[in-house]
Amino acid sequence: MKASNLRKHFALAALAVPVLLASAGASAKTLVYCSEGSPENFYPAINTTGTSFDANSQIYSRIVEFERGTTKVVPGLAEKWTISPDGLEYTFFLRKGVKWHSNKNFTPSRDFNADDMIFAINRQWKEDSPFFKVTSSNHSYFNDMGMPKLLKSVVKVDQYTVKIVLNKPEAPFLSNLAMEYAGIQSQEYAVAMLQKGTPEKIDQEPIGTGPFYLVQYQKDAIIRYKAFPQFWGGKAKIDDLVFSITPDASVRWAKLQKGECHIMPYPNPADLEAIRKDPNIKVLEQAGLNVGYLAFNTQKKPFDDVRVRKAISMGINKKAIIDGVYLSTGVAAKNPIPPSMWSYNDAIKDDPYDPEGAKKLLAQAGFPNGLSTDLWAMPVQRPYNPNAKRIAELMQADLAKIGVKAEIKSFEWGEYRKRMQNGEHQMGMLGWTGDNGDPDNFLNTLLGCDSAKSNGSNVAKFCYQPYEELVQKAKTVSKQADRDALYKKAQVIFKEQAPWYTIAHAVQLKPMSNKVIDFKLSPFGRHTFYGVDIKE
């Protein structure tokens with residue numbers, strides 16, 4: 001979505017956080033979250049960044065949800081469901097009496113029902129849907145997980161019952177429906193905006209059934225939400241939720257110290273000692289379900305040759321990167337999934353740091369005098385990559401020693417992600433935080449053939465049949481032990497083929513004010529505020 005459109009639809013004066021706190025009224029409870037960036041839009045199905053998911057997650061509900069702080073699937077807009085013995089038919093029984101938000105353009109005339117669930121799926125699945133291309137036709141998750149081929153039919157049994165029939169069994173299917181991309185929008189609102197000639201408003205001025213509704217948004221400044229009193233799960237404990245958009249980690253920390261925000265993500269590793277010593281701050285931490293990596297574009301020369309990919313991997317000093325950039329917040333990565341995830345193959349050996357061996361491999365591949373390449377560095381901070389520019393500089397210096405001249409490039413975050421998905425890079429840094437606790441979410445979504453197509457999350461453009469057969473088979477078998485064995489074999493092939501240079505898995509750290517009550521770390525790195533309270 002163009003920034004100009006957002007500004008047009010949300011032409012609001014910038015407000016300082018202290019003013020917001022004051023305006024909330026003496027009795028209202030306001031929680032301020034210092035978020036790291038602006039959302040791309042308010043339609044979760046076309047986003048893949050945590051920044052956008054966090055902004056959207058407050059507004060929408062999903063058919064099933066993850067229990068707060070866990071990977072367990074629990075009822076959401078569906079209060080129960082049944083699965084046929086063959087694993088092909090899922091019948092969802094929807095809640096009655098679920099209310100929609102309203103805004104200046106639209107007041108709903110009915111509660112949530114089956115039509116909304118079907119609209120949310122068809123909008124991503126059916127190219128003849130009038131909303132398929134509104135805002136963007138790149139439904140990244142839906143496509144990368146192979147949903148278009150997986151779904152056979154989505155049928156309305158009655159107003160509160162929907163049956164989904166699959167073409168084959170899909171072990172992670174329920175978990176996939178609990179992910180952010182599957183937030184449910186109002187069909188009635190969509191139709192009303194289409195009739196007014198402004199269909200894009202459903203993604204710019206969102207209406208959901210979630211615990212908070214959007215009050216105002218100014219790009220790169222602020223998002224303000226209010227608790228939705230009629231939320232189906234009961235009203236939130238806080239009244240006002242403010243995202244104070246603060247891209248610089250040091251500024252976020254300064255705001256937290258001054259009490260201008262209550263929670264901050266992605267602290268600078270160098271600030272951690274001071275943060276831990278502050279008596280007014282607590283730091284929640286747990287092993288992160290994530291990986292940071294350097295993707296080689298396997299469909300572009302010279303990275304279509306596995307020897308070149310292996311040479312680069314052997315030419316970079318991983319320990320120096322971990323020690324110098326991650327400090328105490330990261331562990332070296334050798335696999336594309338984190339060590340805390342089931343099916344992690346610990347028997348795999350990482351590529352050694354071996355500059356002389358790297359030179360020999362380059363010579364074998366036809367580059368005795370080295371080569372030139374680009375090296376893309378992310379413009380944003382993530383736990384799995386706290387400082388991409390610094391990591392790129394360290395890589396650049398290491399690669400120069402083996403005769404590889406790497407030119408560092410970067411772009412604005414939305415542009416960066418789009419260009420990498422289009423395959424414009426030769427080498428580029430990216431990372432992933434798991435969305436559902438299933439290895440499929442890494443091994444297939446990031447490295448499967450479906451997502452290697454243009455605009456997919458497989459930015460290595462890696463499509464290798466021996467690997468593909470293993471991860472596709474693992475989706476269809478129901479026993480976890482069988483899936484575990486298949487994924488372990490897939491990791492062996494991944495390491496042999498080297499579509500990525502795996503950098504690190506990061507510890508998830510969340511500094512917050514002592515006033516915050518019952519914020520739970522999400523295994524997926526999300527920031528959701530329903531259930532959170534704050535001391536007066």
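**Entry 1. Asn 441**

I began with Asn 441 and found it in helix 17 (residues 440-443). I take helices (H or I, at least four residues) and strands (E, at least two) as DSSP runs, numbered from the N terminus. The model is predicted, so I use local features at pLDDT of at least 70 and side-chain atom pairs at pLDDT 80 or more, while totals for chains, interfaces and linings use all residues. Residues are numbered from 1 along each chain as its sequence is written, and side-chain values use heavy atoms, with hydrogens and water left out.

Is Asn 441 buried or exposed? I record Asn 441 as buried because its relative accessibility is 1%. Here buried means under 20% relative accessible area, exposed over 50%, and partly exposed in between (1.4 Å probe, protein chains only). I then listed the contacts of Asn 441, leaving aside neighbours within four places in sequence: Tyr 141, Met 179, Trp 432, Gly 434, Asp 435, Asn 436 and Leu 446. Contact means heavy atoms within 4.5 Å.

**Entry 2. Lys 318**

I located Lys 318 in helix 13 (residues 318-326). Lys 318 counts as buried because its relative accessibility is 9%. With neighbours within four places in sequence set aside, I find Lys 318 in contact with Ala 332, Ala 333, Asp 350, Tyr 501, Thr 502 and Ile 503.

**Entry 3. Strand pairs**

I looked up strand 1 (residues 30-33) and noted that both faces are covered. Thr 30 and Val 32 are buried on one side, Leu 31 and Tyr 33 on the other. Strand 1 runs parallel to strand 10 (residues 240-244), and four bridges join them. Two strands pair if DSSP finds at least two bridges between them. Which residue of strand 10 is the bridge partner of Val 32? I find Val 242 in that place.

I also traced strand 6 (residues 151-158) and strand 7 (residues 161-166), which pair in the antiparallel sense over six bridges. A hairpin of two residues joins strand 6 to strand 7, and Val 154 stands opposite Ile 164.

**Entry 4. Nonpolar cores**

I define a nonpolar core as a set of buried Ala, Val, Leu, Ile, Met, Phe, Trp, Tyr and Cys residues joined through side-chain atoms within 4.5 Å. The largest has 114 residues, and those with the most contacts inside it are Ile 63, Phe 92, Ile 164, Met 395 and Met 429. Helix 4 (residues 114-125) gives the largest share of this core, seven residues. I noted a second, separate core of 25 residues, which includes Tyr 33, Leu 241, Phe 243 and Ile 245.
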